[in-house]
Amino acid sequence: MIASDELHKLVKSLSQSEKRFFKIYASRHVIGEGNNYVRLFDAITLQKSYDEKALKAKFSGEPFIKRFAAVKNYLHLLIIKSMRNFHAGSTIDVELKEMLIDIDFLYQKGLYRQCEKLHRKAEKLAVETDKKTRLLEILEWKAKLMQLRNKDSEPERFHKNVFAEESRILDSIKQSLQLKSEVLDVFSQIRKKGFARSEKDLELMQELLNKYKRLNYNKLTFNDKYYLNYIRTVYYTSSGNNSKSFIYTKRNIELLQSIPAKLREEEFEKHLVTLNNLVVNYIHLQKLSETAPYIRKIRSLATHNIRENVLLWATSYKLVLGVSIRSANYEQAERIANEVVAGIGVYFDKIPATDIVTFKYNIAIVYFVNNRYSKAIKALNEIINETGNEHSLRDDIQSFARIMRLIVFWEKGEQEMLPYAALSAYRFLYKRKQLYKFENMVLRFIRDKLPYIDTGAKQSAAFRELKADLEKIFRDPLEKKVLNYFDFITWIESKVDKKEFRTLAREKFSETLN
């Protein structure tokens with residue numbers, strides 16, 4: 001039997017057109033009790049949260065209520081079966097599966113000529129769209145059909161040719177799975193730790209690139225090309241070579257444009273990730289004016305289910321919030337931040353956990369810059385208190401959340417919070433092996449100097465010294481990447497010049513436009 005609220009979740013996930021189709025399907029395919037299933041379906045649809053007692057009260061006296069658990073279970077199966085019909089042919093993989101069913105039907109009826117015609121169509125589609133696993137099934141049918149047509153003509157040679165083709169496809173599948181697995185390993189590391197901050201992290205990706213260096217790119221399948229370009233994008237982004245990262249991101253944009261339109265629609269996530277990477281490249285290259293058309297393109301992508309809707313929402317909002325922060329438009333950034341907070345409340349259980357952590361960090365930055373220190377501390381605490389959950393996602397954001405909290409405490413005048421918070425931050429960074437040059441330097445400054453600044457002259461001198469020291473370590477591109485998390489240099493300059501951070505940030509951004 002299904003869990004008590006699973007049916008409710010399934011019903012609430014359906015679109016209006018899917019609900020309409022189910023009702024028509026149920027009325028046609030269930031004899032006698034069809035109306036009861038539709039009535040129960042409608043009642044569940046009206047519930048904001050699942051309430052079984054209310055349902056039983058509503059249908060008390062109805063014969064089917066005595067076997068309510070069985071009725072719910074059948075309704076669940078009926079909805080899924082109806083959706084199988086509703087989405088028939090909706091993806092290339094489903095289309096190929098249906099073609100294989102039709103091939104089997106025609107074969108059983110002895111309609112071999114029709115069977116061969118459909119088989120050729122299926123094989124062509126599977127090759128064009130890089131559906132290797134379906135292609136293996138299609139090859140099995142090829143062997144059967146060729147046997148019928150060539151009963152007495154060199155069956156040994158024919159079988160060898162089919163076997164050789166199957167072996168080639170299996171080798172290709174093995175290579176694709178290995179490449180995909182290694183790319184997902186890199187993605188998992190980013191999900192866990194963030195982008196590379198050390199030569200050791202880069203070496204792991206460099207080894208992976210060297211492993212596939214000898215491959216002939218032009219002979220690779222669509223998926224292999226995509227993953228190879230993706231890992232190169234990540235490698236060059238991590239190493240600070242944003243121009244090179246841009247080249248490989250553009251390659252994937254062109255690759256996605258080269259495939260059949262239906263396959264491009266199916267590859268929604270790849271399309272979304274690639275456009276996201278392109279916008280991020282433009283941000284890192286300080287070409288913010290180039291981002292708007294691609295953010296609009298992202299928001300115009302057609303989605304096909306709730307998961308895609310949420311991914312689209314999260315990606316587009318991450319980018320518009322990021323662009324607002326980078327362009328020092330903090331008033332707009334706060335409006336966007338408030339929309340994000342509302343959205344997280346609606347989609348919380350569906351938004352990827354890494355996105356929620358990223359949102360909260362950027363929202364904290366916006367609140368901090370707009371002098372809303374209590375709200376900034378609240379957002380940072382929410383991140384810090386998540387340590388240990390979801391396998392401690394994004395160690396990098398966890399680390400910078402602790403450093404930013406120290407800065408907010410100081411700006412808010414809560415000096416008494418610094419000693420404990422600084423010690424806690426140091427322990428966390430040490431344990432997670434996140435004590436890079438920047439982190440060490442800033443923590444020492446906060447611990448040893450900030451508490452003793454009691455005049456304007458001391459403040460200017462201390463922050464000038466800190467800026468000079470940081471500029472030295474920022475000659476290393478891996479260390480300089482910390483500026484992607486917060487513009488620490490501009491914050492330091494605001495303390496030296498005794499200017500508001502957002503005012504100075506706007507001035508500096510305006511200078512880049514001239």
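**Figure 1. Helix 19 and helix 20 run roughly antiparallel to each other.** This view, like those that follow, is taken from a predicted model. Helix 19 covers residues 373-384, and its axis lies 9 Å from that of helix 20. The two helices pack at an angle of about 155 degrees; because angles over 145 degrees count as roughly antiparallel, the pair is described in that way. Their crossing is left-handed. On the side of helix 19, the residues that meet helix 20 include Tyr373, Ala376, Ile377, Leu380 and Ile384. On the side of helix 20, the residues in the meeting include Ile397, Ala401, Met404, Val408 and Phe409.

**Figure 2. Serine 399 is a buried residue of helix 20.** Helix 20 spans residues 395-412. The relative accessible area of serine 399 is 1%; because values under 20% count as buried, this residue is placed in that class. Apart from neighbours within four places in sequence, serine 399 is in contact with Phe428, Leu429 and Gln434.

**Figure 3. Lysine 360 is a buried residue of helix 18.** Helix 18 is formed by residues 353-369. Lysine 360 has a relative accessibility of 16% and therefore counts as buried. When neighbours within four places in sequence are set aside, the contacts of lysine 360 are Ala379, Glu382 and Ile383. Valine 341 stands 19 residues from lysine 360 in sequence, and the C-alpha atoms of the two are 8.5 Å apart in space.

**Figure 4. Phenylalanine 22 and phenylalanine 41 form a tilted aromatic pair.** The model contains 31 aromatic pairs. In the pair shown here, the ring centres are 4.5 Å apart and the planes stand at 35 degrees, so the arrangement is tilted. Phenylalanine 22 belongs to helix 2 (residues 16-29) and phenylalanine 41 to helix 3 (residues 34-46), so the pair ties together parts that are 19 residues apart in sequence. Both phenylalanine 22 and phenylalanine 41 are buried.

**Figure 5. Tryptophan 313 and phenylalanine 359 form an aromatic pair that is tilted.** The distance from centre to centre is 5.6 Å, and the angle between the planes is 55 degrees. Tryptophan 313 lies in helix 16 (residues 306-326) and phenylalanine 359 in helix 18, so this pair ties together parts that are 46 residues apart in sequence. Tryptophan 313 is buried, with a relative accessible area of 14%. Phenylalanine 359 also counts as buried, at 1% relative accessibility.

**Figure 6. Ring pairs link a set of aromatic residues into a cluster.** The members of the cluster are Tyr330, Phe368, Tyr373, Phe400, Phe438, Phe474, Tyr485, Phe486, Phe488 and Phe501. One of them, Tyr373, is also among the residues of helix 19 that meet helix 20.

**Figure 7. Two arginines lie over the faces of tyrosine rings.** Arginine 251 is placed over the face of tyrosine 217, at 4.8 Å from the ring centre. Arginine 299 lies over the face of tyrosine 317, at 5.2 Å from the ring centre.

**Figure 8. Helix 14 and helix 16 run roughly parallel to each other.** Helix 14 consists of residues 268-284, and its axis is 11 Å from that of helix 16. The two pack at an angle of about 5 degrees; because angles under 35 degrees count as roughly parallel, the pair falls in that class. Among the residues of helix 14 that meet helix 16 are Phe268, Leu272, Asn276, Val280 and Ile283. Those of helix 16 that take part include Arg307, Leu311, Thr315, Leu319 and Val323.

**Figure 9. Aspartate 130 and asparagine 371 have positive phi values.** Most residues other than glycine have a negative phi. The phi of aspartate 130 is near 60 degrees, and that of asparagine 371 is near 65 degrees. Aspartate 130 is found in the loop between helix 7 (112-128) and helix 8 (132-149), whereas asparagine 371 is found in the loop between helix 18 and helix 19. Aspartate 130 counts as buried, with 13% relative accessibility; asparagine 371, at 36%, counts as partly exposed.

**Figure 10. Serine 243 is a partly exposed residue of helix 12.** Helix 12 runs over residues 242-258. The relative accessibility of serine 243 is 44%. Serine 300 is 57 residues away from serine 243 along the chain, and their C-alpha atoms are separated by 27 Å.

Conventions. Residues numbered from 1 in each chain as written. Predicted model: local features only at pLDDT ≥ 70, side-chain atom pairs only at ≥ 80, totals over all residues. Heavy atoms only, no water. Helix = DSSP H or I, 4+ residues; strand = E, 2+ residues; numbered from the N terminus. Buried < 20%, exposed > 50% of the residue type's maximum accessible area, 1.4 Å probe, protein only. Contact = heavy atoms within 4.5 Å. Phe/Tyr/Trp six-rings, centres within 6.5 Å; stacked < 30°, edge-to-face > 60°. Lys NZ or Arg CZ within 6 Å of the ring centre and 35° of its normal. Axes fitted to C-alpha atoms, helices over the stretch in contact; angles between N-to-C directions. Parallel < 35°, antiparallel > 145°, perpendicular 65-115°, else oblique. Left-handed = near helix turned anticlockwise from the far one by under 90°.
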